[in-house]
Amino acid sequence: MITIATPEAMHQLGIQLAAHLRAGDLVLVNGPLGAGKTVLAQGVGEGLGVMGITSPTFVISRVHKAAIPFIHVDAYRLVDSENPNLYVDDLDLDIANSITLIEWGGAESARLSEDRLEITIDRTEDIRTVDIKAVGPRWAGFLL
């Protein structure tokens, strides 16, 4: 469990995380509204050399060009849909050749890869706690 006191610290955590990511990696980020999911994604993007990342809430996903493309998805609007699995599939994500980060990535997103990082951000007052769960052989023994 990592304690995060400021948005800058959340951003820095994203930069640190980016140093461990490679093509084909899937990162699912969950937490309540305002927890810092997009700030974490911005840090990951910066760590990958991508600036100007904004929340893709209304467009669902954005592909950012970098040495390894960075796909940033906000599945919030899909979660309440009748069949979120179909909608995630319709996004036609090139996960194998990209680094993919999905905000609000639940079970419908987890099935996209047996190897993934599942990040949960809990927000109480101004302090956030971040739990990173490594899933699958790719992430065996991973610690940040």
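Reply: A word on terms before the strands: two strands pair if DSSP finds at least two bridges between them, and strands (E, at least two residues) and helices (H or I, at least four) are DSSP runs numbered from the N terminus. This is a predicted model, in which local features need pLDDT of at least 70, side-chain atom pairs count only at pLDDT 80 or more, and totals for chains, interfaces and linings use all residues. Residues are numbered from 1 along each chain as its sequence is written, and side-chain values use heavy atoms, with hydrogens and water left out.

Me: ok, which residue does H64 stand opposite in β4?
Reply: H64 stands opposite F70; strands β3 (residues 61–64) and β4 (residues 70–74) pair in the antiparallel sense over four bridges, and they form a hairpin with five residues between them.

Me: and what's the strand order in the open sheet?
Reply: Seven strands make up the open sheet, in the order β1-β7-β6-β2-β5-β4-β3, with mixed pairing. The edge strands, β1 (2–4) and β3, each pair on one side only.

Me: switching to helices, at what angle do α1 and α2 pack?
Reply: Helix α1 (residues 7–18) and helix α2 (residues 37–47) pack at about 45°, with their axes 6 Å apart; axes are lines fitted to C-alpha atoms, for helices over the stretch in contact, and angles run from 0 to 180 degrees between N-to-C directions. The contact (heavy atoms within 4.5 Å) involves residues including M10, L13 and L17 of α1 and V39, L40 and V44 of α2.

Me: where is confidence lowest, and where is it highest?
Reply: Confidence, given as pLDDT from 0 to 100 for each residue, is lowest in helix α4 (residues 84–90), at a mean of 56, and highest in α1, at 96. The mean for the protein chain is 86, and 85% of its residues reach 70 or more. Where pLDDT is low, the predicted coordinates should not be read in detail.

Key
pLDDT = per-residue confidence, 0-100.
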